[in-house]
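Visitor: Hi! Could you walk me through this protein chain?
Guide: Happy to, so let's bring it up on the screen.

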Amino acid sequence: MVIRGEVAVVFVCLLASAQVKPQPKANPAGEARSVHMHAAVDLKKRLIKFRQVEMPFHSEGLSAREKQMVEKLVETSRYLDDIYWRQVDPEGLSIYQTLQGSINSEDADLRRFLWINGSRFDLLDANKPFVGGPASPGGGFYPQGLTRAQVEKYVNAHPEKRAEIYSATTTLRWRDQELEAVPYHVAFRAFLDPAAKALREAAELSPDAAFAKFLRLRADALLTDDYFKSDITWLELKRPKVDVIFAPYETYNDGLLGIKATYGGAVLIRNEEESRRMETFQKYVAEIQEALPVAERDRPSKRGLETPMEVVDAPFRTGDLGHGYQAVADNLPNDPRVHELKGSKKLFFKNFMDARVIYVILPLARYMMPAKQVAEASGEGYLLGTILHEICHGLGPAFAHNNSGDRVDIRAAIGPIYGGLEEAKADVVGMFALKWLVDHGVLPKDKLKEYYASYLAGNFRTIRFGAAEAHGQAEMMEFNYYVEHGAVRRLASGKYEVDYEKMPGQIENLAKELLDMEATGDRARAEAWFRKYDVISPELQNSLKKAESVPVDVDPLFSFPREVH
Ligand SMILES: [Zn+2]
């Protein structure tokens, strides 16, 4: 194992160094190191779309030991970034490192944009590289040039290797004519060993025995790739004051097969007051599930499942949580076995949510919606919509039933559009659930307008990203559906307003449609639906153009320095 591990690490490093651009000689004149890298010329324009926002670490409520623990958790989270870059874009990492220490402003711009994207691929430009060579859909997960067809052919000829090749936590490489799957804990041992050690050191500092136990189990998981036990322990934590996300969970960076997970890390400090308030919603989750407009078989009981919810500040994030879209909420883990047995944890990153509403959503809404409805939109409405979105990822069918009535995995049945469908389901069922809470007296009746206005305002933010990824696919479709059915109207001014009368009925219709697609696992129907609705109209494009000066996302500046090695 160890020997294989070293070979694998060398392989990863070679991959990174093979693509290093020649290091320019010392250049006292201050010539940009990036000058020979063929970087996009309009980087300044691309950078202003990301508003730098300070995300200070508020340590007021923590003891000296807890502060030390947080620092240890920050330290160990950095190792996940080291792995993440190698998974997603080894060439981008080399360029980023080559630019280190340059005082040239073009180099600094390029470096900052590389950091924002966590790669050479521009999120806002359909993931096209803005520097360096062409993108490889397999990133660092697969050997260069490997195709889906080759993988399928190989697996058909070697069915005994199917599980390891399709595992979320292996990288693939050719060894002679054989396709070899290298487990992450072997491939990334050089980073995972010190990460596990630091997690154990953090556990020593924790005054919370349950959290310390979790950290130790997670350290074990890093070195075995078996996260099940530590995921369960993570869900059993009761209102931890400090928490972390620390795992390879998300697969959306695997452009070839969509199955390989990237590492992501976040240090979380609980916001006690907001968390308590959110817990009131938990009481209703099972009842909302039972009220969904879908056949009884497709809304399995949620009674007795853990649905811990934490409103937290995230003073540090790395890996897939540190780059690209800055998530304001998460629902983890993704393992359906854990969902069925225990449920999942919903996390709301309050410092990121506040920044998004202040610097992106409300400024954009001022261009896109009439003043009266902008005034109705609010951070509070957005927070509630986001909370219900995350809760509703866990609602609806757990499995699809095919024509012969067999239970099949929804993700596998729906195929590549699943991500968009699931995000849309969470949005729309979430809005359905908000109305349910109002109807049942949990939330005040006069707040409904605020929720709908905030929903539409949030829609515009996501639509600007285009329909290249799941959330964009989802919200573009939702918007077009509401416009088609008159629940959202375009005004002569080029702005859009919610029809508060029609909105609830159309939300229910759309929820029914999406839940039914998941319940039947009907891939052709889902694909046709998104093909029809994932089109941006020239009018909408014109309206969005006027709002071009509004940033697209925030670029968080933490109290802890940005580093990758
Ligand atoms: Zn979601």
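Predicted model: local features only at pLDDT ≥ 70, side-chain atom pairs only at ≥ 80, totals over all residues.

Visitor: OK. What does the secondary structure of the chain come to?
Guide: There are 24 helices and 15 strands in the chain.

Visitor: And what does the C-alpha trace span along its principal axes?
Guide: The span is about 65 × 55 × 55 Å. The radius of gyration is 23 Å, which agrees with the value near 24 Å that a compact globule of 565 residues would have.

Visitor: How much of the chain counts as buried?
Guide: Of the 565 residues, 46% count as buried. As for contacts with a separation of 6 or more, 75% of those in the chain are between residues 24 or more positions apart.

Visitor: Which domains does the chain have?
Guide: The domain assignment gives domain 1, made of 2-24 + 41-189, and domain 2, made of 358-565. Their C-alpha centres are 30 Å apart. In the contact between them, domain 1 takes part with 21 residues and domain 2 with 18 residues.

Visitor: Which elements of domain 1 give two or more residues to that side?
Guide: Those are β1 (50-55), α3 (64-88), α4 (90-98) and α5 (105-117). The largest share comes from β1, with six residues.

Visitor: What classes of residue are on that side of domain 1?
Guide: The side of domain 1 that touches domain 2 has 13 nonpolar residues, two polar ones and six charged ones.

Visitor: Switching to the inside: which residues touch the most other members of the largest nonpolar core?
Guide: F349 and V429 do, in a core of 143 residues. Helix α19 gives the most to this core, 11 residues. Domain 1 and domain 2 each supply at least three residues to this core.

Visitor: What is V429 in contact with, leaving aside its neighbours within four places in sequence?
Guide: V429 is in contact with L292, C392, L395, G396, A511 and L515.

Visitor: Now a helix, please. Which residues of α23 are buried?
Guide: In α23, residues 523-533, the buried ones are A526, W529, F530 and Y533. These residues are on the same side of α23 because they cover an arc of only 90° around the axis.

Visitor: What do the buried residues of α23 pack against?
Guide: They pack against α18 (410-414), α19 (418-439), α21 (470-484) and α22 (503-520).

Visitor: Can we look at α11 too? Which of its residues are buried?
Guide: In α11, residues 228-236, they are S230, D231, W234 and L235. Their arc around the axis is only 145°, so they are on the same side of α11. What covers them includes α10 (209-222), α14 and β10 (345-349).

Visitor: New topic: is the peptide bond from L332 to P333 cis or trans?
Guide: That bond is cis, with omega near -5°. P333 sits in the loop between β9 (329-332) and α14 (336-341).

Visitor: What about the phi of A126?
Guide: A126 is not a glycine, yet its phi is positive, about 50°. A126 is in the loop between β2 (121-122) and β3 (128-129). N127, in the loop between β2 and β3, has a positive phi of about 60° and is not a glycine either.

Visitor: Last one: where does K546 lie?
Guide: K546 lies in helix α24, residues 538-546. K546 is exposed, with 12 other C-beta atoms within 10 Å. From K546 to G494 the distance is 9.8 Å, C-alpha to C-alpha, while they are 52 residues apart in sequence.

Terms used. Residues numbered from 1 in each chain as written. Domains from an automatic or database assignment. Contact = placed C-beta atoms within 7 Å. Helix = DSSP H or I, 4+ residues; strand = E, 2+ residues; numbered from the N terminus. Nonpolar A, V, L, I, M, F, W, Y, C, P; charged D, E, K, R; others polar. Buried ≥ 20, exposed ≤ 12 C-beta atoms within 10 Å, placed from the backbone. Arc of directions from axis to C-beta. Rg over C-alpha atoms; globule rule 2.2 N^0.38 Å. Core = buried A, V, L, I, M, F, W, Y, C linked by C-beta atoms within 7 Å.
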